[in-house]
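Open the structure in your viewer and keep the selection tool at hand. The tour goes from one selection to the next and says what is there.

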Amino acid sequence: MKKLLFYILAIFFFASFLTSCNDDEPVAPCDKTIFMYFPWSTDLTYYFQTNITDMEGAIRKAAIPGERVVVFFASSQTEAELFEIVLEDGTCVRKTLKNYKFNNNEYTTESGLTKIFADFKAYAPAESYSLIIGCHGLGWISSEAGSRAIDTNDYKYHWEGQGCLTRFFGGRTPECQTELSTLAASITNNGIKMEYILFDDCYMANVETAYILRGATDYLIASTSEIMARGLPYATVGQYLLGTPNYKALVDGFYDFYSHYSKPYGALSVIDCGQIEGLASVVKRINSDYTFDSSKLKYIQKLDGYNPTIFFDCRSYINQLCDDAALINAFDVQLGKTVLYTACTPQLYSSSFGAFDIVDYSGITISDPSEHRWASEKQSTDWYKATH
């Protein structure tokens, strides 16, 4: 009888062991996972490390249950680490999930980035996802356009200026840069739609970018202009990205920080990508009746340091394009639905140009009137096709 009981207990514990050690058992999804993505930037690594440390402070402060934060951090052009920030007894611990070694900049390709998002989803499944991207940025402009410019030495990137360092998206050379269409496809390939995508990068709050990403995210958080290398002050505003996002507090906190910063320049917007097609519809109506007079370029608010300008304030452009009060009103109403929150210091800054005054600011840019060679591909963008 004792032997029989021993065998029964042994079978029971062995079965329990097998169940607990089954690697194939799916991980239960949490409420929300935030993915912080820091690809190779060439010269912003120190600032990314500060961003991560500051976010850890926000995580300790908020201590939201059911939420995970996973970080992809590239230490070089060929190596990266995927780790999770875990709060244990009031201390943030970084737990490595995976180490990467890349060949031929795989993370800039659709297949490579799709696999990274697949890893992100597998390690930290959730009911909802959000994405923070830190790097250099140049709006909707393709890396190929910049590459051709480098070959001919006709223009320089804003980060090649002699001023303060500011923050395509990716590194300083074309082979380290990722196209926005690649980002959008890599997200949707994994059956994900982000709650928000935050670009802690320069020049990403434009109608062209919002239109490209409308199927990949509900909200776009970005700057119309250059962001100082310090990036978002996550120690103070990171808490507003956790749990249920408080977009107004995020924008207000960003403005308060940069208004008192040693380099008091900054702009940040929250854009509802679900409204961008509505904005495109109104702009198409305007374009059907009006053609822009290039002699009015000088009257449009510029929001970059390029010459010729690439990124113009969208409302300022429409006001120079159209003089129909009803159409202007329709545009303003839809713009209010599209750009939910925005803030801008009295002056903005470009590392290649210096500080410049802001008179007319709507929180989103457009490149339709640009005569810059890099913007020559604007007619091939989804935005342009939808509005002409």
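A residue is called buried when its relative accessible area is under 20%, exposed when it is over 50%, and partly exposed in between. The model on the screen is predicted.

Start with Asp-252, whose relative accessible area is 37%, so it counts as partly exposed. Side chains of opposite charge can pair when their charged atoms come close.

How many salt bridges does a search of the whole structure find? The search finds eleven. For another one, select Arg-94 and Glu-56, where the closest N and O atoms are 2.7 Å apart. Arg-94 is in strand 4 and Glu-56 in helix 2, so this pair ties together parts that are 38 residues apart in sequence. Arg-94 is partly exposed at 42%, whereas Glu-56 is buried at 8%.

Next, select Arg-68 and Glu-84, which form a salt bridge with closest N and O atoms 2.7 Å apart. Arg-68 lies in strand 2 and Glu-84 in strand 3 (residues 79-88), and the pair links distant parts of the chain, 16 residues apart. Are these two residues buried or exposed? Both Arg-68 and Glu-84 are buried.

Move to Asp-201, in the loop between strand 8 (194-200) and helix 6 (207-212). Its relative accessibility is 0%, so Asp-201 counts as buried. A polar atom of its side chain lies 2.6 Å from the backbone nitrogen of Cys-135.

Now turn to the backbone. Most residues other than glycine have a negative phi, and most peptide bonds are trans. Select Ala-63, in the loop between helix 2 (45-62) and strand 2 (67-74); its phi is positive, near 45°. Asn-105, in the loop between strand 4 (91-101) and helix 3 (110-123), also has a positive phi, about 55°. Ala-63 is partly exposed at 41%, while Asn-105 is buried at 12%.

From there, go on to helix 3, where the buried residues include Leu-113, Ile-116, Phe-117 and Phe-120.

Finish at Pro-308, in the loop between helix 9 (276-289) and strand 11 (312-313). Which form does the peptide bond from Asn-307 to Pro-308 take? That bond is cis, with omega near 0°.

How values were computed:
Residues numbered from 1 in each chain as written. Predicted model: local features only at pLDDT ≥ 70, side-chain atom pairs only at ≥ 80, totals over all residues. Heavy atoms only, no water. Helix = DSSP H or I, 4+ residues; strand = E, 2+ residues; numbered from the N terminus. Buried < 20%, exposed > 50% of the residue type's maximum accessible area, 1.4 Å probe, protein only. Polar contact = N/O pair within 3.5 Å; in protein donor to acceptor, adjacent residues only side chain to side chain. Salt bridge = Lys/Arg side-chain N within 4 Å of Asp/Glu carboxyl O.
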